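Subject: Structure handover

Hello,

Here is the structure for your files. My notes on it follow below.

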Amino acid sequence: MTETMQADNIVLARGQRAGANEDPRLDWWRAAKFGLFIHWGLYAIPAGIWQGEEIPGIGEWIMLRARIPVAEYEQLAGQFNPVDFSAKEIVDLAKAAGQKYIVITSKHHDGFCLFKPSVGEYNMVDATPFGRDVIKELADECARQEMKLGFYYSQVQDWHHPDGDGNDWDYDPTAQNFQNYLDNYVVPHVTDLLTNYGPVCLIWFDTPKGISEAQSRQLLDLCNRLQPECLVCGRLGNTLGDYATARDNAIPGNLVAQLDWETPATINDTWGFKFNDHNWKSSEELICKLTDIVSKGGNYLLNIGPTETGAIPDPSIERLRAMGAWLEVNGQAIYGTKPGPLQGESWCRTTQDENHVYLHVFDWPKDGKIRLEGIEFANAYLLTEPASDPLIVSIQEGKTIVEGPPSAPDPVATVIVLTKS
């Protein structure tokens, strides 16, 4: 992931493309709303600590932050034996969380591949005692459970390869040939990912930095040729790709109209696992963020960082399961919806489908009376209750009043369904 990007939450990061082009290939993605991101690699071994010193910054950037020589960092591969890795556990967790697609780091900026590539031996199969293609195992499990799978791939930054971007402590940047890296390393890798692992729902490129428009288009054309249904994340660069992303962990302050976009986000502060990052967001906060993002037309791609053994941290499991429990009850107001008519309110969010407006109430009024302006409806009922058991609706002083119970039915976000008839 990127460590820093533009600060404006409304300006989406790199590679935005308007959603006015109603490309049907995005229909599943627009309906899905919620996905699982997985950042996992050699950086899970030091987990933020190098030679006894805690390295600041996000976990997967430790090689750059500590300026670790390639010859030292690549020795981590000989220690990587994630005996607790379970593709089934990952897919089971995503399903329990209510997530509809998974995106995993096939190669991050440190250059290590979790898959078996046709070019290079710096990978999970050839360089580790584990010796297994975890991408293949995850792809097979996703196919069994009918879960969509996509791959993160760092197309520009590669601190291990002499022609990749970013490593100026081992290599001379003025002597690097990025086009050579693209043609003879990246292209074969992307070809492998889109050829050997079944249907791929999307390729999540990242940090385009100085990649040219022609080079971005080279990768886009490759993806479109190999798997025409595979979406390409806008971080491919140069405003190319099928959808945009907000900067990391950022949510635009307002409705983003005519744009397909996604917020990639962490459950704590880092993407890759770090021993000392215990700043976990609560499940309540995560549910509210999901609702906020969906109400503005976006998707939420929420990350886990497995440990060096492949285990998923318990706090991540607990929070994702809590989100899934909420979605089990309230998913109708999230999946397949569009932004609702009421925007800009701090106490609520709205989503809608063809026949309903869903009012997500975060701050329940003490008297149980929901006061609404600027929205037309005739009937209201709690999503958790049948439509045949409506709430009282009245007009008072120009406002429509929905009379709910005195205390919030849901402690996080209560959903009221509004209909015109």
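What share of the contacts in the chain with a separation of 6 or more comes from residues 24 or more positions apart? The share is 72%, where a contact means heavy atoms within 4.5 Å.

First, the conventions. This is a predicted model, in which local features need pLDDT of at least 70 and side-chain atom pairs count only at pLDDT 80 or more, while totals for chains, interfaces and linings use all residues. Residues are numbered from 1 along each chain as its sequence is written, and side-chain values use heavy atoms, with hydrogens and water left out.

Overall form

The chain has ten helices and 18 strands; these are DSSP runs numbered from the N terminus, with helices being H or I of at least four residues and strands E of at least two. Its radius of gyration is 23 Å, close to the 22 Å that the globule rule gives for 421 residues, so the chain is as compact as a globular protein of that length. That radius is taken over C-alpha atoms, and the rule is 2.2 Å times the number of residues to the power 0.38. The C-alpha trace spans about 75 × 40 × 40 Å along its principal axes.

Of the 421 residues, 58% count as buried (buried is under 20% relative accessible area, exposed is over 50%, and partly exposed is in between, with a 1.4 Å probe and protein chains only).

Strands

Strand 5 (residues 148–153) has five of its six residues buried, so it is largely enclosed by the rest of the structure. Strand 5 runs parallel to strand 4 (residues 101–107), with six bridges between them, and Tyr 101 has Lys 148 as its bridge partner. Strand 5 is also parallel to strand 6 (residues 202–205), through three bridges; here Phe 151 is partnered with Ile 203. Strands count as paired if DSSP finds at least two bridges between them.

Further along there is an open sheet of five strands in the order 11-12-13-18-15, with antiparallel pairing. Its edges are strand 11 (338–339) and strand 15 (379–382), each pairing on one side only. Strand 11 is joined to strand 12 (residues 348–352) by two bridges in the antiparallel sense, and Pro 339 has Thr 351 as its bridge partner.

Individual residues

Ala 97 belongs to helix 4 (residues 87–97) and counts as buried at 0% relative accessibility. Leaving aside neighbours within four places in sequence, the contacts of Ala 97 are Phe 34, Leu 320, Met 323, Gly 324 and Leu 327.

Thr 400, in strand 17 (residues 399–403), is buried at 12% relative accessibility. Not counting residues up to four places away in sequence, its contacts include Ile 370, Leu 372, Phe 377 and Val 393.

Most residues other than glycine have a negative phi. Asn 238 has a positive phi of about 60 degrees, and lies in the loop between strand 7 (231–232) and strand 8 (244–245). Asn 249 has a positive phi of about 65 degrees, and lies in the loop between strand 8 and strand 9 (261–265). Asn 238 is partly exposed at 31% relative accessible area, and Asn 249 is partly exposed at 33%.

Regards
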